Every structure is written in structure tokens, then in C-alpha cells.
Amino acid sequence: MKRDVKGIGEALEVLEQHCIKWITTNKIENSLWVKGTAFFDSSYCRVAYYDEVHNVLSIHSILSG
């Protein structure tokens, strides 16, 4: 699922609204075109990614509970 957001704050709100549980993040900055934040669960599986360049939040897995 992809969703346009206005910034990291709104991305965090969307994760909370969808009950996405995340434990840690990894800042990714490979170039001018690839910048963002990856969100990982307790098994260190990526559950979401916020693309700072395009302001898009990609949720890889809808986990509730």
C-alpha cells in the first residue's frame, strides 16, 4: 500500500492509524534521489518505508494488534 504524505510526521500518524508495529528505523541516504527511513518490526523485517524525495509512505505489510 502506498500513500502520499506531507512529511515524516504524517507518515508516523499513518503507521499508527493502521496499527503498524515497528521497533527500529534505518535512515537511508544513497544519493540525491534515494533518501528515506525504513521501519522494521521486532524480527527486523521491513514493514514500511518513507521516501523523503517523493513524500510517499509504502507499507509492506498490514500487521494489526
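**Surface, fold and selected residues of the predicted protein chain**

The structure is a predicted model, in which local features need pLDDT of at least 70 and side-chain atom pairs count only at pLDDT 80 or more, whereas totals for chains, interfaces and linings use all residues. Residues are numbered from 1 along each chain as its sequence is written, and side-chain values use heavy atoms, with hydrogens and water left out.

One helix and five strands make up the secondary structure of the protein chain, where helices (H or I, at least four residues) and strands (E, at least two) are DSSP runs numbered from the N terminus. Along the sequence these elements follow the pattern β-α-β-β-β-β. The radius of gyration of the protein chain is 11 Å, close to the 11 Å that the globule rule gives for 65 residues, so the chain is as compact as a globular protein of that length; the radius is taken over C-alpha atoms, and the rule is 2.2 Å times the number of residues to the power 0.38. Taken along the principal axes, the box filled by the C-alpha atoms is roughly 35 × 25 × 15 Å.

Of the 65 residues, 34% count as buried, a class defined by a relative accessible area under 20%, with exposed meaning over 50% and partly exposed in between (1.4 Å probe, protein chains only). Among the contacts in the protein chain with a separation of 6 or more, 35% are made by residues 24 or more positions apart, a contact being heavy atoms within 4.5 Å. The side chains include 7 positive and 8 negative ones, and the centres of the two sets lie 2 Å apart; Lys and Arg count as positive and Asp and Glu as negative, while His and the chain ends are not counted, and each charge is placed at NZ of Lys, CZ of Arg, CG of Asp or CD of Glu.

Within helix 1 (residues 8-17) lies Leu-12, which is partly exposed, with a relative accessible area of 34%. Apart from neighbours within four places in sequence, Leu-12 is in contact with Trp-22 and Phe-39, while its C-alpha atom is separated by 17 Å from that of Ser-42, 30 residues apart along the chain.

Thr-24 belongs to strand 2 (residues 24-29) and, at 28% relative accessibility, counts as partly exposed. When residues up to four places away in sequence are not counted, Thr-24 touches Ala-38, Phe-39, Phe-40 and Tyr-44. Thr-24 and Lys-2 are 22 residues apart in sequence, and their C-alpha atoms are 20 Å apart in space. In strand 3 (residues 35-40), Thr-37 is buried, with a relative accessible area of 11%. Beyond residues up to four places away in sequence, Thr-37 touches Ile-8, Thr-25, Asn-26, Lys-27, Ala-48, Tyr-49, Tyr-50 and Glu-52.

Several loop residues were also examined. Most residues other than glycine have a negative phi. Cys-19, in the loop between helix 1 and strand 2, has a positive phi of about 55° although it is not a glycine. Tyr-44, in the loop between strand 3 and strand 4 (46-51), likewise has a positive phi, near 60°, and at 63% relative accessibility Tyr-44 counts as exposed. Val-53 occupies the loop between strand 4 and strand 5 (56-59) and is partly exposed, with a relative accessible area of 32%. Neighbours within four places in sequence aside, Val-53 is in contact with Leu-32, Trp-33, Val-34 and Lys-35, whereas the C-alpha atoms of Val-53 and Lys-21, 32 residues apart along the chain, are separated by 24 Å.

With a disulfide taken as a pair of cysteine sulfur atoms within 2.5 Å, the count comes to zero. The cysteine sulfur closest to that of Cys-19 is in Cys-45, at 19 Å, which is too far for a bond. Cys-19 is partly exposed, with a relative accessible area of 38%, and Cys-45 is also partly exposed, with a relative accessible area of 42%.
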